[in-house]
Amino acid sequence: TTSNINGTTNLVIRGTMLFSVGVFLALVLNLLQVQRNVTLFPPDVISSIFSSAWWVPPCCGTASAMIGLLYPCIDSRLGEPHKFKREWSSVMRCVAVFVGINHASAKVDFANNVQLSLTLAALSIGLWWTFDRSRSGFGLGIGIALLATLATQLLVYNGVFQYTSPDFLYIRSWLPCIFFAGVITMGNIGRQLALYEYKVVQEKTHQD
Amino acid sequence: MTLRERLREKISAAFYHHGLLCASYPVPIILFTSASILTCCYPLLRLPLPGTGPVEFTTGVRDYTVPSHEPQGDLGERPDWYRGPPVAYIQQVLVKAAVSPWDSSLVPVDVFRSPLGRVFSLLEEIRNHVHSDSTGVRSLEALCLQVTDLLPGLRRMQSVLPEHGCLLVSPGNYWQNQRELFDSDPDPLKTIQKHEPKGLHTSATLRDLLFGVPGKHTGVSHYNRKRVVTYTITVVLVSYDTRFLGSLRSRLKQLHPSANCSLRDDHMVHVHFKEEIGIAELIPLVTTYIILFAYIYFSTRKIDMVKSKWGLALAAVVTVLSSLLMSVGLCTLFGLTPTLNGGEIFPYLVVVIGLENVLVLTKSVVSTPVDLEVKLRIAQGLSNESWSIMKNMATELCIILIGYFTLVPAIQEFCLFAVVGLVSDFFLQMFFFTTVLSIDIRRMELADLNRRLPAEAGLPPPKPGPLRPREAPPPPRPSPHTITLQTPAFRNLRLPKRLRVVYFLARTRLAQRIIMVGTVIWIGILVYTDPAGLRTYLAAQVSEQSPLGDSGGGGLPPHLGVAPVFHAGDPTSTLSVLPAPEPTPLPENQSQGHHGSAGAGPRPQVPPAVPQITWGAEDEEGWRRLSFRHWPSLFSYYNITLAKRYISILPVIPVTLHLSPQEAIETRHPQDTRHPPPPIPKVSADLQTDLTLYKVAALGLAAGVLLVLLLFCLYRVLCPRNYGQNGVAHGRRRRGDLPCDDYGYSPPVSEISPLLLRGHSMDIECLASDGMLLASCCLAGQIRVWDAQTGDCLTVIPNHGLRRSSSSGCWEQRDGWDNCHLLRRRSVPARPTLFTDQPDLTPLIDTNFTCQPPSHLATPPRGGFDFGGLVERAYLEHESPSPSTYPSPSSAASSSPPSAAHLQRRRSLGDAPTLPAQDRASTAGTQATADWDSSVWAMELRGNLIAAGRSSGKLELWDAVEGSLRCSNEDGVSGITALAFLNNRIVAARLNGSLDFFTVEINKPLGLLQYRGAPGRGSMPPSPCYSSEDVISCQLTRSVQCAHQKPITVLRAAAGRVVTGSQDHTVRVYRLEDSCCLFTLQGHSGGITAIYIDQTMVLASGGQDGAICLWDVLTGSRVSHVYGHRGDVTSLVCTTSCVISSGLDDLICIWDRSTGIKLYSIQQEVGCGASLGVISESLLVTGGQGCVSFWDLNFGDLLQTVYLGQSSDGQGVRQLLVLDNAAIVCDFGSELSLVYVPSVLEKLD
């Protein structure tokens, strides 16, 4: 039973950390988008502290926690532990590139949307190739990106928020790329955190 | 030889020469590099300092002309941006209005209602102002900036801000510029407040925009001490027309003269705005920087095995940073002025360039053989990594090239920078970092020279460096065949002082903390110095508090000294064509009078009965008091950006309005009097602003505390105390602590109960198993065979030669043992506690006496105790079924003269040539060939045959079940140090370096050979089972006399290969079938101490130099070579993905097999370093003090610790054997322990 409890606490700790990372990234990256008027929220919300609706960060946080826990879980289920670049420096590099992709999507002025989307897609695939290279990671990334895109379409369709210049039904066509890169990034963080699973627990018991 | 190969060779050679060059002339190269860095950075001096605050430039009004687009040569102080027409000209009409004299019958609303009401007539006046002269008629409509729609996100402002027309803003916009709406508005203040944003805001608010003065200064509130209302009418003009503006100015001044106004109106200010970085944009920026620092931190932490870790980390960071600076400098030099925001792309550039190359270089150089010269080490390290470095660089350049062809200007520019950055980074790596690394390695060599034991005489003599006298004296040189080792604790004490300081720093993590604090301070400075950030916001808040506060941040350029030509209220040559509406009769006298009385001095507390309107210097450029995002935000509402453009602000037109109380009362709304303001507002108004400030402060504080806590938590969670560090840093454990408690936590509950196998009287020396059976041999020479499943003792093969163990004899025997224990593949570290093991014999002796037959009492007294009696009964049991069925040479012949090493090695229990005659006689009678004189040095078990190699050089084959000697071979005279038993072949390595191949032949009477399938994974060929009827003979098929120059220390056989390792630094590979030597593998700079080979032909070897080599058995080439241990490598195991090594430093290191990168390391118990085994692909088991620990190999986590028994706490597990049925056997002292790992069994199935 002790190991059970340990496992649960551990999962909760990891989930919490992933959640906070997700919330933080969502706030920061949304800020980038809002600044450039890519997404529009009702105007009175704009001037509130972090310039987005309240429900966005928690959603992103929950999603990232789920993804971050799912990746190591799937790795262990498939029985192929992720061995590629298991270092924090690599994870940090991955996060930096992800922020960079967002930055580019928000700030760089492209000639047309197709070019922008293609560039971002190439960047996302490059991110996967540089930091992940696992088939499970790719599949999961694609799947979740599609789901998230669908969800966003529905949200925009229902008028929760809108994009200034939609070019892919109701949303921007680069959104799936961003989702994909985000999934890869969170999966990377989750895997790295899973490495420390036991150490966290052990250290805690020691402190008690 | 393909082109690729040739290229690779060329590159490698080039790098080698370059490494030699760098290491040979470090100082000139560093000087050269620094010079080139400075040269490349020189153009940066000309770049303006980064900053986002607006820049001002003042010109005179009179001689103003629109600046041309072309840059004009030497216009002195004229800034670069002052080219072309401005985005707009801003003309503000500053209105100050007051109801005077103040009447006690007036209500507070009157303070602002009628003054605000006047704005409509003024607006009318301005809108309708027309100037006509000979050049034509001009009106405001023609000159003003015509705006279109507001941005779609600003629907709520649609009613307030003008659309489709002149951009003319005033407080009248609140009421759509209609007097009627204003008059019917019951509460104007509420209307104004309605549009204010909720929460915090960093940009200009609507109120600021419309009033044109900071909210605090408008005087539009219920509580207004001065009773003066100030607001502006802002006219945005697209073109500058002197005459029209002049006529407007004089007209307004004529209508509403400001008597005491001495505002200068002779200069206009051009304000240039840069790319904005607001606080909102700062957050992503700060985030990227935080990520960048985390990246640098985690990268540099991997630098290992160098003299000064932090020095190298600093060098790495300097390399990357200066390469970026160089790239910017070079780009500027060639005229590519950076238009990108440098601060924003900088982190991405660092991430793109990366620190990986630097780390790879360090690792490569560090893992070159230590005994080489520094120059050669650097050169080798460089050339080893040359190909991968070039490949990486080519890949990156390709990616960047692809990025360049996206044809997006921003990305192209980024790519250009990245290319130059990459190239300069490569340059710096090759010259700067390599040189720094060579200096570091040289320093380490000097410091290490005496600590690292010279493994051979061929080492270069110690350089007489300045460090030499401070070092501890070198230990006495050991004899060539033995090595004296200090205990680990002792070795720690002899660390140099500097190293101890470093360890102290590492233990307290001082440097990490300093870096953290530094980062926080740096971010703070970043925020503080950024003019768009918090500071301005706070400054604005503060300046709102104090009415006289000057918020014009940044030094203003001095106004051009143009003498005032227009005097206040002096109408110059302008004419107004349209008749102005009848001006309101002004109470001139009163105004003057009040002004006079004002000279008497202000009464600070009591509100003046008569409001006075004063014009001061602060009104001259009232817009300065506004947030400097005021203009950008006004224009941004219409999708006009001011970034990198400028606007020209014309001198304000002052308008003074005095209203009579009569008028104020007339304009009242019926509700104004009905709702007398509550007395509280007075306080609340002040409180409100105060509260905002406090709220901001509290919020900031809370956020800061939260951030620090979060960082701290992340730090604690992410950086466990001993991440990948060599165990020295976290201090040695105290004696008596919980066992296996290296990580500071108590071990989890054990669910696995070990099986204790007792019976041996002395320490167990040899351990062998074939999965079903388990054979052990103790120092007393007794061999016991156990059932590996149940733990039952099946057979005891006693040794009759035991004679003496007097205490004095033991001491010297122990010394001899300590001197040479390293010759054996199992190393028992010499530590003082071993001597306490000695009294183990006492219980044995006691039992001996109780059951001893009286005849044994007659043994000579100098023989001490008769150990033969201990096994008397067991021996008697086996006497009957083992009649000798084959002829054998006499045992007396076996006492051949042992070699010198032999004598030195162990004159211990078994060797004592004091055999009583009666024992000898009985031995000769029953088992004529058994050699009781010598001790068993090596043992192997296959099927039910035990092969035992004795110190006398004799090889014996015993039946494991029956305990009978089946055959023996005495062809060799030198002691057998290692045995390998594979199929029907036995390979014996001898102390004199020769290698003997034996063949076991079984002559079955029935011609039938039974095979018993070996349990387990089937990796092992099935061992033949010999029945007792078989006649077994053991023939020496081949003897390689000089297999090695020095004693063979390790012997392993698998996959048809026999691998030997020797003190002579070489590893040899033989084929088992024909005993042919295939390869001699050279690469170690010390004696070989550990070898691993398995069915998949993976060969790994470890030596006394702490190096681990992986070899390709098929080609004999070295695959990888790493330095992992300070001291001997004592044990080596490979799995499909990693290599596990343990060393005398009690550290278990796990390496990635393909790349040779150290994944992590586990600090072991003192003296238990050698005991390790791999149960499955991901389960590692290690021995500890009285316990074994299970580790997850993938993650390096401790899974479980199993205690072997209460009595065994003090003794460490020295030998550990993993059986095929997922059980492990380990010895501690005289006991064996059998531990089943049930979970692994399930996994295997």
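Predicted model: local features only at pLDDT ≥ 70, side-chain atom pairs only at ≥ 80, totals over all residues.

Biologist: What is the phi of Q176(B)?

Modeller: Phi is near 50 degrees at Q176(B), a positive value in a residue that is not glycine.

Biologist: Is Q176(B) buried, partly exposed or exposed, and why?

Modeller: The category follows from relative accessibility: under 20% is buried, over 50% is exposed, and partly exposed lies in between. Q176(B) counts as partly exposed because its relative accessibility is 35%.

Biologist: Where is H1065(B) found, and what phi does H1065(B) have?

Modeller: H1065(B) belongs to the loop between strand 28 (1057-1062) and strand 29 (1066-1071) of chain B. Its phi is positive, about 75 degrees, although H1065(B) is not a glycine. H1065(B) has 13% relative accessibility and therefore counts as buried.

Biologist: Which loop holds H1125(B)?

Modeller: H1125(B) is in the loop between strand 34 (1118-1123) and strand 35 (1129-1134) of chain B. With a relative accessibility of 3%, H1125(B) counts as buried.

Biologist: Which residues does H1125(B) touch, leaving aside those up to four places away in sequence?

Modeller: On that basis, H1125(B) touches D1105(B), G1106(B), I1108(B), S1141(B), S1142(B), G1143(B), D1145(B), L1147(B) and C1149(B).

Biologist: With which side chain does the side chain of H1125(B) make a polar contact?

Modeller: The partner is the side chain of S1141(B), at 2.8 Å.

Notes. Residues numbered from 1 in each chain as written. Chains lettered and ligands numbered in written order. Heavy atoms only, no water. Buried < 20%, exposed > 50% of the residue type's maximum accessible area, 1.4 Å probe, protein only. Helix = DSSP H or I, 4+ residues; strand = E, 2+ residues; numbered from the N terminus. Polar contact = N/O pair within 3.5 Å; in protein donor to acceptor, adjacent residues only side chain to side chain. Contact = heavy atoms within 4.5 Å.
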